[in-house]
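Welcome! Here is a short tour of one protein model, arranged by topic so that you can follow along in the viewer.

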Amino acid sequence: MVGGSMGAAKQTSIHGQWSSKWVFVLAATGSAVGLGNIWKFPYITGENGGGAFVLVYLLCIVAIGLPIMMAEIMLGRHGRQSPINTMRLLAEKAKAHPAWQYLGWMGVLAGFLILSYYSVIAGWALSYVMKSISGAFVAASAADVEDIFSQLTGSPVKLLFWHSLFILMTMAVVARGVRGGLEKAVRFLMPALFAILLVLVGYAMTTGEYFFQGITFLFAPDFSRLTGAGVLIAMGHAFFTLSLGMGAIMVYGSYMPQNASITATSLAIVGADTVVALLAGMAIFPIVFANGLAPGAGPGLIFQTLPVAFGQMPGGIFFASLFFLLLVFAAWTSAISLIEPAVAWLVENHGMSRLRASVWAGLVTWLVGLGTVFSFNLASDWTLFGKTFFDLLDFLTANIMLPLGGLLIAVFCGWVFFAGESVAELATRPWLYSSWRFLLRYISPAAVVVVFLQAIGVLG
Ligand code: TRP
């Protein structure tokens with residue numbers, strides 16, 4: 001067993017290292033920016049009434065997400081191994097209970113579960129690339145597009161095909177490893193995605209009054225529309241969108257050069273992720289209102305609204321194809337981080353090659369994904385608490401497992417990990433260090449607990 005070795009943490013990981021701190025920022029941003037920003041953020045904002053929900057989400061990003069991101073990077077870089085072995089090693093060093101390694105295990109499980117449905121949604125985007133190119137959306141009405149969407153989700157065969165393709169794409173990159181695979185994929189895709197989002201916001205502005213209606217919906221808080229469940233969803237999404245709570249950022253941190261600043265890189269990642277989500281909202285809601293569509297349409301929201309806009313604008317085929325292609329890329333760079341903790345562990349503890357480890361991980365994910373595929377058609381009335389398999393999986397992972405994982409990471413880094421080591425890792429001005437540590441020790445854990453408690457009704 002290579003991974004369980006004791007002693008001082010190494011300066012580099014056996015899996016390699018990012019070639020510079022910029023590549024780390026790009027890779028972590030690639031992980032953070034994905035379907036969560038462009039697909040999920042708009043639809044859950046629509047379902048939860050807009051502005052007040054967005055405000056809670058933003059508060060969670062700053063008070064919970066940012067400090068925990070810094071903690072995850074720090075632990076990863078200090079341990080330099082897969083999250084499971086990093087947690088084991090750091091717990092040993094701190095003379096803490098060995099059960100801390102189960103935090104790594106929960107992360108691996110969460111990664112599999114999330115990727116299993118993430119891949120199905122990314123499959124929708126893949127299918128939409130083809131539809132866009134074929135001109136299916138040209139001059140399509142909202143009803144036409146809804147039809148196209150339900151024909152896709154209603155077909156197990158189509159969904160299965162695209163889901164399988166996306167899993168293969170993900171495994172192909174992961175198998176190539178840190179430099180050869182992950183790095184190459186993110187270098188130019190992120191800037192391109194950003195540019196096309198700006199084009200879409202530009203288009204949304206041409207809708208005039210609807211643009212203002214969209215902006216109002218997004219930014220004017222109306223607390224009467226916010227429910228207790230909505231607060232939990234906002235917090236869960238802060239973890240989801242920043243890729244926190246399951247070891248993805250930890251494992252990326254383990255490939256980070258020792259001299260890079262954790263504070264500066266975290267700020268860049270969190271900032272970019274938030275801007276992309278808000279831009280997506282600003283592009284989508286004006287189109288929703290201009291076409292008399294419902295903001296609460298659910299998971300199909302962007303797939304039912306954006307094609308209407310593309311169908312009307314000049315160069316629509318070009319922009320639609322490009323947009324969905326970039327959405328696929330955004331999902332791709334996120335997907336690889338969902339499975340990297342498991343793959344790194346298989347390589348460390350089972351002596352597998354990256355290729356073998358990727359194949360196994362891909363196979364398991366693909367199988368679990370079948371549940372999501374069928375939850376949109378054959379098994380759509382198989383529900384528990386009114387939720388389909390997909391809804392349950394999404395709820396369990398984003399709203400329970402990730403915040404719980406994040407809470408434990410905050411407690412471990414803030415209370416168990418030696419202060420002297422975190423001072424050295426952060427290497428920043430004393431006031432910044434103290435603010436971070438205060439947030440991490442008290443505010444983030446308390447906030448997660450309070451949101452959990454209010455969601456189960458203890459506090460009303
Ligand atoms: N953050 C990504 C998104 O918003 C999804 C993602 C990638 C993720 N890695 C993760 C979510 C790890 C939770 C944990 O689309």
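Which residues in α1 are buried? They are V23, F24, V25, A27, A28, T29, G30, S31 and A32, where buried means under 20% relative accessible area, exposed over 50% and partly exposed in between (1.4 Å probe, protein chains only). This is a predicted model, in which local features need pLDDT of at least 70 and side-chain atom pairs count only at pLDDT 80 or more, while totals for chains, interfaces and linings use all residues. Residues are numbered from 1 along each chain as its sequence is written, and side-chain values use heavy atoms, with hydrogens and water left out.

**Confidence**

- The chain has a mean pLDDT of 92, and 96% of its residues reach 70 or more; pLDDT is the predictor's confidence in each residue, from 0 to 100.
- Over residues 1-9, pLDDT stays under 50, and the model has 19 contacts for them beyond four places in sequence. Contact means heavy atoms within 4.5 Å.
- Where pLDDT is low, the predicted coordinates should not be read in detail.

**Helix α1**

- Helices (H or I, at least four residues) and strands (E, at least two) are DSSP runs, numbered from the N terminus.
- Helix α1 is mostly covered, with 9 of its 12 residues buried.

**The largest nonpolar core**

- A nonpolar core is a set of buried Ala, Val, Leu, Ile, Met, Phe, Trp, Tyr and Cys residues joined through side-chain atoms within 4.5 Å.
- The largest one here has 166 residues, and F303 and F323 touch the most other members. Helix α14 (residues 316-350) gives the most to this core, namely 20 residues.
- Beyond its neighbours within four places in sequence, F323 is in contact with I38, I196, L197, L200, L306 and F310.

**Aromatic pairs**

- The whole structure holds 31 aromatic pairs. Rings of Phe, Tyr and Trp (its six-membered ring) pair if their centres lie within 6.5 Å; planes under 30 degrees apart count as stacked, over 60 as edge-to-face and the rest as tilted.
- W18 and Y255 make an edge-to-face pair, because their ring centres are 5.8 Å apart and their planes are at 70°.
- W18 lies in the segment before α1 (21-32) and Y255 in the loop between α11 (248-253) and α12 (262-290), so this pair ties together parts 237 residues apart in sequence. Both W18 and Y255 are buried.
- W105 and W345 are also edge-to-face, at 4.8 Å centre to centre with 70° between the planes. W105 is in helix α5 (residues 101-133) and W345 in helix α14, 240 residues apart.
- W105 is partly exposed, at 34% relative accessible area, whereas W345 counts as buried at 14% relative accessibility.

**Charges over rings**

- The charged end of K40 sits over the ring of F240, 4.4 Å from its centre.
- R441 lies over the face of W415, 3.8 Å from the ring centre.
- Such a charge is NZ of Lys or CZ of Arg within 6 Å of the ring centre and within 35 degrees of the ring normal.

- S266 lies in helix α12 and counts as buried at 0% relative accessibility. Leaving out residues up to four places away in sequence, S266 touches L66, M69, M70 and I73.
- T305 is in helix α13 (residues 301-312) and counts as buried at 1% relative accessibility. With residues up to four places away in sequence not counted, T305 touches I284, I287, V288 and L293.
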